[in-house]
Amino acid sequence: CSLSWNGGLLASGSRDTSIHMHDERDPFVAGNVHGHTQEVCGLRWSPNGSQLASGGNDNLLNVWDFRRTSMEIAPLWRLDQHKAAVKALAWNPCQPNLLVSGGGTADKTLRFWDTSKGECVNMIDTLSQVCGVLWNHDGTELVSSHGYSDNQLTLWRYPTLTRITDLIGHTSRVLHLTMSPDGQTVVSAAGDETIRFWRCFAPDRSSMAASHPFGIPYPTSPGSRKSTGASPSTGAGCPMLFDDYNATALR
């Protein structure tokens with residue numbers, strides 16, 4: 001199942017193939033939509049709250065436009081280019097019509113969609129099952145989480161889709177990703193029953209010196225980050241903060 005908040009409105013995807021809308025101001029379901037033939041395993045509202053992306057075990061990606069009165073009948077776009085379940089979804093925070101989706105084991109691709117036209121504008125084969133994806137606050141980089149076969153997180157630069165580094169540490173499928181409010185740290189949860197903290201993205205340049213614990217600015221060049229393949233944890237069950245800029249793990 002999947003959940004996504006849009007202000008006071010919660011969308012939930014179900015094994016019964018439907019998407020339910022819950023208004024926190026009303027104890028009853030506000031409405032529901034149907035567009036999948038199998039479980040809805042991915043949901044994500046667009047930043048402006050006008051569109052909802054849904055992915056299913058039927059390999060479909062649907063985009064629902066809540067500005068259209070026919071929304072209850074059919075999605076705005078029904079996109080079927082993935083060859084496996086679509087769980088990973090994320091909207092670019094700076095380009096409201098740019099959506100990225102990731103496919104499962106039989107697919108392994110990240111696809112980038114222009115939802116104003118329903119077109120795939122870019123794609124890359126990640127060579128691994130895609131379980132989750134997040135953009136940085138600038139919409140210029142993203143992190144994807146994976147399962148079979150390496151259970152890694154991968155940092156990408158957009159729009160070149162250059163692989164920046166792989167973050168290795170989990171020993172099972174990385175099922176969930178979330179980001180700290182400042183946009184620097186990504187938290188991952190996996191089937192290995194660990195939660196790991198990764199320093200993935202640069203802070204805002206204007207606040208670099210002020211936010212550093214020693215008053216020293218972080219590197220400003222994207223190329224200054226180092227890739228070591230190190231784990232964020234130095235002991236079993238001991239979560240660490242991995243400093244991607246200095247290639248060190250901080251307790």
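Which residues do ring pairs link into a cluster? They are Phe112, Trp135 and Tyr158. Rings of Phe, Tyr and Trp (its six-membered ring) pair here if their centres lie within 6.5 Å; planes under 30 degrees apart count as stacked, over 60 as edge-to-face and the rest as tilted. The model is a predicted one, in which local features need pLDDT of at least 70 and side-chain atom pairs count only at pLDDT 80 or more, while totals for chains, interfaces and linings use all residues. Residues are numbered from 1 along each chain as its sequence is written, and side-chain values use heavy atoms, with hydrogens and water left out.

The protein has 1 helix and 21 strands. Helices (H or I, at least four residues) and strands (E, at least two) are DSSP runs, numbered from the N terminus. Of the 251 residues, 50% are buried, where buried means under 20% relative accessible area, exposed over 50%, and partly exposed in between (1.4 Å probe, protein chains only). The accessible surface of the protein comes to about 11,800 Å², and carbon and sulfur atoms account for 52% of that surface. These areas come from the Shrake-Rupley method with a 1.4 Å probe; for residues, only the protein chains shown count as cover. Contact means heavy atoms within 4.5 Å. Among contacts between residues at least 6 apart in sequence, 39% join residues at least 24 apart.

Ser2 is buried, with a relative accessible area of 8%. The side chain of Ser2 makes a polar contact with the backbone oxygen of Val40 at 3.3 Å. A polar contact is a pair of N or O atoms within 3.5 Å; within protein, one must be able to donate a hydrogen and the other to accept it, and residues adjacent in sequence count only if both atoms are side-chain atoms. With neighbours within four places in sequence left aside, Ser2 is in contact with Ala11, Ser12, Gly13, Val40, Cys41, Gly42 and Leu43.

The aromatic pairs come next. The count comes to 4 aromatic pairs. One of them joins Trp45 and Phe66, a tilted pair with 4.9 Å from centre to centre and 55° between the planes. This pair links distant parts of the chain, 21 residues apart: Trp45 is in strand S5 (residues 40-45), and Phe66 is in the loop between strand S7 (61-65) and strand S8 (77-79). Trp45 is buried at a relative accessible area of 6%, whereas Phe66 is partly exposed at 28%.

Further along is an open sheet of 4 strands, in the order S9-S10-S11-S12, with antiparallel pairing. Strand S9 (86-91) and S12 stand at the edges, each with a single partner strand, so one side of each has no neighbour in the sheet. The twist averages 20° from one strand to the next; axes are lines fitted to C-alpha atoms, for helices over the stretch in contact, and angles run from 0 to 180 degrees between N-to-C directions. Strands of a sheet pair through backbone hydrogen bonds, either parallel or antiparallel. Two strands count as paired if DSSP finds at least two bridges between them. S9 and strand S10 (residues 98-103) run antiparallel and are joined by 5 bridges. Val86 stands opposite Gly103 in S10.

Leu127 lies in the loop between strand S12 (119-125) and strand S13 (130-135). Its phi is near 65°, a positive value in a residue other than glycine, and Leu127 is exposed, with a relative accessible area of 60%.

Asn136 is in the loop between S13 and S14 and is buried, at 6% relative accessibility. The side chain of Asn136 reaches the backbone nitrogen of Gly139 at 2.8 Å. Leaving aside neighbours within four places in sequence, Asn136 is in contact with Pro93, Glu141, Met179 and Phe201.

Two cis peptide bonds follow. The bond from Tyr148 to Ser149 is cis, with omega near 20°, and Ser149 is found in the loop between strand S14 (141-146) and strand S15 (153-157). The bond from Tyr158 to Pro159 is also cis, with omega near 15°. Pro159 lies in the loop between S15 and strand S16 (162-167). Leu161 lies in the loop between S15 and S16 and has a positive phi of about 60° although it is not a glycine. Leu161 is buried, with a relative accessible area of 8%.
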